Amino acid sequence: MSDGTDSPHTLAADDESTHRDFWAETIADEIEARDPDEPIVVKGGVSPSGVAHLGNVNEIMRGYFVAEVLRDRGHEVRQVFTSDDKDPLRKLPRKLADADGNIVGLGEVDAGALGRNLGKPYTDIPDPFGEADSYAAHFAALLEADADRLGVPIEMRSNTELYADGTFDPVVSHVLANAETAREVLSEYQAKVDEDYVPFNPVCEECGKLTETVTNIDLDAETVDYVCTDMEVGDNTIDGCGHEGTASFREGKLPWRFEWPGQWQVLGVDFEPFGKDHAEGSWPSGVDIAENVLDIEPPVPMVYEWFTLNGEALSSSAGNIVTVTELLDLLEPEVVRYFFALDPKKARDLDLSRLDQLVDDYDRFERAYYGTVDDESVTEFAEASYPYVVDAVADDKPIRLPYTFAAVLGMVDDRDLRIKLAKDEGHIPDDADESTVEAALARVEKARNWAERMDNAYNYRLQTDLPDVEFDESVQAALDALAAFVDAGHDGEEIQAAIYDTARDHDIEIGDLFEAGYRLFFDETQGPRLGEFLGELETEFVVGRLRRER
RNA sequence: GGGCUGGUAGCUCAGUUAGGGAGAGCGUCUGGCUUUUAACCAGACGGUCGGGGGUUCAACUCCCUCCCAGCCCGCCA
């Protein structure tokens, strides 16, 4: 039985560990204190669901930072991720992601085929998209692709494979040989564990579903006898076929409470982060089982808080999900990694409508690393974590366009004009070389996608038709004068200056004239540097628009 | 009901590990730059550090209690 000192809240700072500026270093300290064998194994795991969402990525990234810190300290580290794909499909997912990471509804795939396979292991269910070997393989590929997009090398391990190739044999044999002890330990945590409980769920050879009723264990033959009974799943029941049969130790699986510690044993896991849902249930029983059934040392744990999306819990059924693919359309990978480098103890909200704020935070974090932020705590955190957040630390701080400014540039398609506007605003140095410019402009596409997806104040384009506008006489007169100036042939800079002069000449607020201009061309009240922009457009069009004629 | 983890400015968050000045960015407002247009500079406004109590010369920090949020305490994972 656990002695109650195994709190998984490793970062709770109630111990005597030395202070670290980056939480992953604190965890790395804990792991090193165990003097682990090399390579050090960092594990995560997930049950295949319909969509590889950011909750799964959370687990990948938390492990990644710890792995990277350990590698930096000279250790060899493997980051393993188990796909717990021998678990049964318990209910139909509402949403699925296709091989490219695009979310589709259940109606767009062969839902009937999925429904007929309720209760079977994910690896025994066909890929609804008809491409991969199984439902499980499809999902695992998605997750691996996401990790790859984020630059995180993970080793995906199929749980089904661990049974099939015999890796799990010693654990299953040991648990069943010590079934009585296993029952006693687990019964401390699960009230329904009675004397008939057997910690093994065979796959029915007749219908292919996982069953729970084992009637006999033959340790010598390494088989169990079973009856394929009904399985309760939430409010529903998955019917068993009633078949009575015999299964080998490889033709079934351990219940999760035993399987998790079993993975620690067979994979030699030294560290595993997990969501707070496991903190009070699976973890204490897992520690107990590891120590008193399997006789192994559990890994260093770390509980991370869940985060919310747009203020609401992540929910595929409610449609409140975002995939890595989608997120990387909106953000640079380093910004996504930064989000997960922040304190895991804090529940954070990823608010897509305010990604500009997240990116601003990232930019400040980056500046702090390069020593130009007068804030000790941010700087300490940046110095400790920034090298793990970016692909490679550049000698000089990368040029970063403010995200909202990048969104402004996104309405302009012409690359040269983007560069000109950015330079005019001082966001790109005049003498920047081509690769620097290219890198800085990469954010524009992300911000543009954001503006379109959010359909926010930055989502505007040049209005091809005259917007519905109304100006008072003095503004109309100023616009006419400006039109005449443009018609006479002047470049952008001159037009920009003329806007100021014209406003003064007509005794109107400069801001009012700018707003009138933005109204006419974008049907907005703000926009890019107007004169420079108008200078790039066709003169005839600009003149006509300024005169409210077209 | 019990347990765990959070609660700091309008927003996003540092700071709590060793008790001593409540902070940053963004936003807002004001002023400046004889070109303010998602730009820059300066300044201001803004918080009973979730509430209350206790310990202490001193509490965001330690203790107790209450409130709020999420999770766990059935099954499953």
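The charged end of Arg-545 sits over the ring of Phe-521, 5.9 Å from the ring centre. A charge is taken to sit over a ring if NZ of Lys or CZ of Arg is within 6 Å of the ring centre and within 35 degrees of the ring normal. The model is a predicted one, in which local features need pLDDT of at least 70 and side-chain atom pairs count only at pLDDT 80 or more, while totals for chains, interfaces and linings use all residues. Residues are numbered from 1 along each chain as its sequence is written, chains are lettered from A and ligands numbered from 1 in the order in which they are written, and side-chain values use heavy atoms, with hydrogens and water left out.

Of the atoms of RNA strand B that come within 4 Å of the protein, 72% belong to sugar and phosphate. The surface near RNA strand B comprises 21 charged, 12 polar and 12 nonpolar residues (nonpolar: Ala, Val, Leu, Ile, Met, Phe, Trp, Tyr, Cys and Pro; charged: Asp, Glu, Lys and Arg; polar: the others, Gly among them).

Individual side chains reach several parts of RNA strand B. A polar side-chain atom of Lys-346 lies 2.7 Å from a phosphate oxygen, one of Arg-364 lies 2.4 Å from a sugar or linking oxygen, and one of Tyr-458 lies 3.2 Å from a base nitrogen. Two or more residues of this surface come from each of helix H8 (256–267), helix H12 (355–369), helix H18 (492–505) and helix H19 (510–522). H19 gives the most, with four residues. Helices (H or I, at least four residues) and strands (E, at least two) are DSSP runs, numbered from the N terminus.

Elsewhere, three strands form an open antiparallel sheet in the order S7-S8-S11, where pairing requires at least two DSSP bridges between two strands. Strand S7 (213–218) and strand S11 (244–248) each have a single partner strand, so one side of each is left without a neighbour in the sheet. Strand S8 (residues 223–227) is joined to S11 by five bridges, and Tyr-226 stands opposite Gly-245 in S11.

Two backbone details complete the picture. Most residues other than glycine have a negative phi, and most peptide bonds are trans. The bond joining Glu-38 and Pro-39, however, is cis, with omega about -5°; Pro-39 is found in the loop between helix H1 (23–33) and strand S1 (40–46). Asp-295, though not a glycine, has a positive phi of about 60°, and its place is in the loop between helix H9 (282–294) and strand S14 (300–304).

Note on methods. Near = heavy atom within 4 Å. Polar contact = N/O pair within 3.5 Å; in protein donor to acceptor, adjacent residues only side chain to side chain.
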